[in-house]
Amino acid sequence: MRVLVIATLAFLLGCSDVIGPNTDVGLSVWADVSPTFLSIRDTITPIRIRVYVSNTTGHEIRVVSGGPPYVFTSDPARNSGTWGSFRITKNDSLINWGPGIDWWGDSVYVFRAHYTEYNEEVVTLAKWKGWNLAPGLYRVRSWFNTREGRSAPFYLIR
């Protein structure tokens, strides 16, 4: 019985959303989307998109943002001063395939040890005017201050 409890605990801890540092400044950045399956005909269900930034280290991390001036571009890797961004892509395409957001920033971001924060946007498929929606795999790509993090998949079904 103890082996089962330990194995289950190890599995659950391994499934945690917090990931190890994946940016050049030592922060972890990732996207989360809910729901992960949505009917293409459902135009009113809220789709909750979050971009998380986490300092999993034992020391404070300061990031100079590059702004002001704050610069917003279609490619979040070329922005300046922004807190973060997300873009929705289809399959393996890197081009935008849905709404995207850039959040305003500050001149310096301070992340204390073992601290996580996020920004959130709620959209519906009704807001996706101008994009040719089709069933398939989509991804929410995430950035913190021009540094791309882990994306989150979701599926549009019939």
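Let's begin with Asn145, which counts as buried because its relative accessibility is 2%, and the cut-off for buried is under 20%. Keep in mind as you read that this is a predicted model.

**Around Asn145**

So where does this residue sit? Asn145 is in the loop that links β9 (136-144) to β10 (147-148). That loop belongs to a hairpin: β9 and β10 form it, with two residues between them.

What does the side chain of Asn145 reach? At 3.1 Å there is the backbone oxygen of Thr82. The side chain of Asn145 also makes a polar contact of 2.8 Å with the side chain of Arg147. If you skip the neighbours within four places in sequence, Asn145 still has a list of contacts: Val63, Val64 and Ser65, then Gly81, Thr82, Trp83 and Gly84, and also Tyr109. Thr82 therefore turns up as the residue whose backbone oxygen the Asn145 side chain reaches and as a member of that contact list, where a contact means heavy atoms within 4.5 Å.

The backbone here is worth a look as well. Most residues other than glycine have a negative phi. Asn145, though, has a positive phi, near 45°. Thr146 is not a glycine either, and its phi is positive too, at about 75°. Thr146 lies in the loop between β9 and β10. Is Thr146 buried or partly exposed? With a relative accessibility of 26%, Thr146 counts as partly exposed.

Strands of a sheet pair through backbone hydrogen bonds, either parallel or antiparallel. β9 has several pairings to show. Two bridges connect β9 and β10, which run antiparallel, and Phe144 has Arg147 as its bridge partner in β10. That Arg147 is also the residue whose side chain makes the polar contact with Asn145.

β9 also pairs with strand β11 (residues 152-157), again in the antiparallel sense, over five bridges. Then there is strand β5 (residues 84-90), which is joined to β9 by seven bridges and runs antiparallel to it.

Here are some bridge partners, including ones from these pairings:

| Residue | Bridge partner | Strand of the partner |
|---|---|---|
| Phe144 | Arg147 | β10 |
| Gly136 | Leu156 | β11 |
| Thr89 | Arg139 | β9 |
| Ile47 | Val123 | β8 |

Three strands make up an open sheet here, in the order β1-β3-β8, with antiparallel pairing. β1 (28-34) and β8 (115-123) are the edge strands; each has a single partner, so one side of each is left without a neighbour in the sheet. Going from one strand to the next, the twist averages 15°. How many bridges join β3 to β8? Strand β3 (residues 47-55) and β8 are joined by nine bridges and run antiparallel.

**Two cis peptide bonds**

Most peptide bonds are trans. Even so, a cis one joins Ser34 and Pro35, with omega at about 5°. Pro35 is in the loop between β1 and β2 (37-39). Another cis peptide bond joins Pro68 and Pro69, and its omega is about 0°. You'll find Pro69 in the loop between β4 (61-64) and β5.

**Stepping back**

Now for the chain as a whole. It has one helix and eleven strands, and along the sequence the pattern reads α-β-β-β-β-β-β-β-β-β-β-β. Of its 158 residues, 37% are buried, Asn145 being one of the buried ones. The accessible surface comes to about 8800 Å², and carbon and sulfur atoms account for 57% of it. Finally, take the contacts between residues at least 6 apart in sequence: 66% of them join residues at least 24 apart.

Key:
Residues numbered from 1 in each chain as written. Predicted model: local features only at pLDDT ≥ 70, side-chain atom pairs only at ≥ 80, totals over all residues. Heavy atoms only, no water. Helix = DSSP H or I, 4+ residues; strand = E, 2+ residues; numbered from the N terminus. Buried < 20%, exposed > 50% of the residue type's maximum accessible area, 1.4 Å probe, protein only. Areas by Shrake-Rupley, 256 points an atom, 1.4 Å probe, with all protein chains shown as cover. Polar contact = N/O pair within 3.5 Å; in protein donor to acceptor, adjacent residues only side chain to side chain. Pairing = 2+ DSSP bridges. Axes fitted to C-alpha atoms, helices over the stretch in contact; angles between N-to-C directions.
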